[in-house]
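Colleague: I have a few quick questions before I set anything up on this one. Could you walk me through it?

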Amino acid sequence: MKRTHWWWLSGLVVLLTGLWLGGGTLIATTLRQDGLVNQLATRVASPHGQTPLEPIALAHPLQPVYYYHFANAEATEFRALFEEAVTVFNRTGIVQLQPGMARAGQNSLTFFTYRDAGTQRSDFTELGKGGPHVIQTRQGTVNQARAGVNLAHPELRPRLSVAIHEIGHAVGLAHSTAKTSVMTARDHEQEWLSSADLAALRLLYGPGHV
Ligand SMILES: [Zn+2]
């Protein structure tokens, strides 16, 4: 066999090994950044009266159980805040967020803190970011979700409403224009899920999802 063929073959082997070791194929990823003002993202209307869904989450049936952990020491300092937000979701009975590391084939939720003062302007300060990251593994479709709060925000402590909102993104909710939703792009310090938020969660995780 010619030398060039060997090069081609070894390249293919490296590529396939990489895919196999990676353990999953990326389907899609979304990580929304949230500020006090985020006009573009609010223009997504909900056709069915429920909070809009992240399209990638809707396209792939997701398991309702998530295992959460803290990505950095600073995030662990805010464990109580994140866990209060976790309680809001667990109370719904639709999704279940449990402490611990996800094993292969299980959904994970990573809580993190970060400092980004770069987005600060007079009318815009980023509060947090979060979103789903859906991959296909040999064990099925898995969401490796993330939710984080920005500690560079001028407020002394991150808001519970923001933690709830970012978990909302992580499990598949998108921005809503409904003032009663926790998923409005502009934070209004709401610390509960609206009936439209719950309807969206049921659509993603409830029985009958296809
Ligand atoms: Zn948002």
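Modeller: What follows is a walk through the fold, the core, the aromatic rings and the charged side chains.

Colleague: What kind of model is it, and how many helices and strands are there in the protein chain?

Modeller: This is a predicted model, and the protein chain holds 6 helices and 8 strands. Read along the sequence, these elements follow the pattern α-β-β-α-β-α-α-β-β-β-β-β-α-α.

Colleague: How much of the protein chain is buried?

Modeller: Of the 210 residues in the protein chain, 48% are buried.

Colleague: OK, the core then. Which residues of the largest nonpolar core touch the most other members?

Modeller: The largest nonpolar core has 39 residues, and those that touch the most other members are F89, L109, F111, I167 and Y205. Helices and strands both contribute to this core, with β3 (65-70), α4, β5, β8, α5 and α6 each supplying at least two residues. As a general background, nonpolar side chains in soluble globular proteins tend to be buried together.

Colleague: Let's stay with F111. What does F111 touch beyond its neighbours in sequence?

Modeller: Leaving aside residues up to four places away in sequence, F111 touches Y68, H69, F70, A71, N72, A75, F82, V86, A147 and I167. F111 has a relative accessible area of 0%, which is why F111 is classed as buried.

Colleague: Several of those are aromatic. How many aromatic pairs are there?

Modeller: The count comes to 7 aromatic pairs. One of them joins Y68 and F111 in a tilted arrangement, with 5.5 Å centre to centre and 55 degrees between the planes. That pair links distant parts of the chain, since Y68 is in strand β3 and F111 in strand β5, 43 residues apart. Both Y68 and F111 are buried.

Colleague: And F82 with F111, what sort of pair is that?

Modeller: F82 and F111 form a stacked pair, with 4.5 Å centre to centre and 20 degrees between the planes. F82 belongs to helix α4 and F111 to strand β5, so this pair ties together parts of the chain that are 29 residues apart in sequence. F82 counts as buried because its relative accessibility is 1%.

Colleague: Which residues do the ring pairs link into a cluster?

Modeller: The ring pairs link Y68, F70, F82 and F111 into a cluster.

Colleague: Switching to charges: how many salt bridges are there in the whole structure?

Modeller: A search of the whole structure finds 3 salt bridges. In one of them, E74 pairs with R115, and the closest N and O atoms are 2.3 Å apart. E74 lies in helix α3 (residues 73-77) and R115 in the loop between β5 (107-114) and β6, so the pair ties together parts that are 41 residues apart in sequence.

Colleague: Are those two buried or exposed?

Modeller: E74 is partly exposed, at 24% relative accessibility, whereas R115 is exposed, at 56%.

Colleague: What about E83 and R79, where do they lie?

Modeller: E83 and R79 are both in helix α4 (residues 79-90), 4 residues apart, which is about one turn of the helix. Their side chains meet in a salt bridge at 3.2 Å, N to O. E83 is partly exposed with a relative accessible area of 25%, and R79 is partly exposed with 36%.

Colleague: And which residue does R159 form a salt bridge with?

Modeller: R159 forms a salt bridge with D187, where the closest N and O atoms are 2.3 Å apart. R159 sits in the loop between β8 (140-150) and α5 (160-170) and D187 in the loop between α5 and α6 (195-205), so the pair ties together parts that are 28 residues apart in sequence. Both R159 and D187 are buried.

Colleague: Last one: which ring does the charged end of R146 sit over?

Modeller: The charged end of R146 sits over the ring of F112, 4.2 Å from its centre. Likewise, K129 lies over the face of Y114, at 4.6 Å from the ring centre.

Note on methods. Residues are numbered from 1 along each chain as its sequence is written. This is a predicted model: local features need pLDDT of at least 70, side-chain atom pairs count only at pLDDT 80 or more; totals for chains, interfaces and linings use all residues. Side-chain values use heavy atoms; hydrogens and water are left out. A salt bridge is a side-chain nitrogen of Lys or Arg within 4 Å of a carboxyl oxygen of Asp or Glu. Buried means under 20% relative accessible area, exposed over 50%, partly exposed in between (1.4 Å probe, protein chains only). A nonpolar core is a set of buried Ala, Val, Leu, Ile, Met, Phe, Trp, Tyr and Cys residues joined through side-chain atoms within 4.5 Å. Contact means heavy atoms within 4.5 Å. Rings of Phe, Tyr and Trp (its six-membered ring) pair if their centres lie within 6.5 Å; planes under 30 degrees apart count as stacked, over 60 as edge-to-face and the rest as tilted. A charge sits over a ring if NZ of Lys or CZ of Arg is within 6 Å of the ring centre and within 35 degrees of the ring normal.
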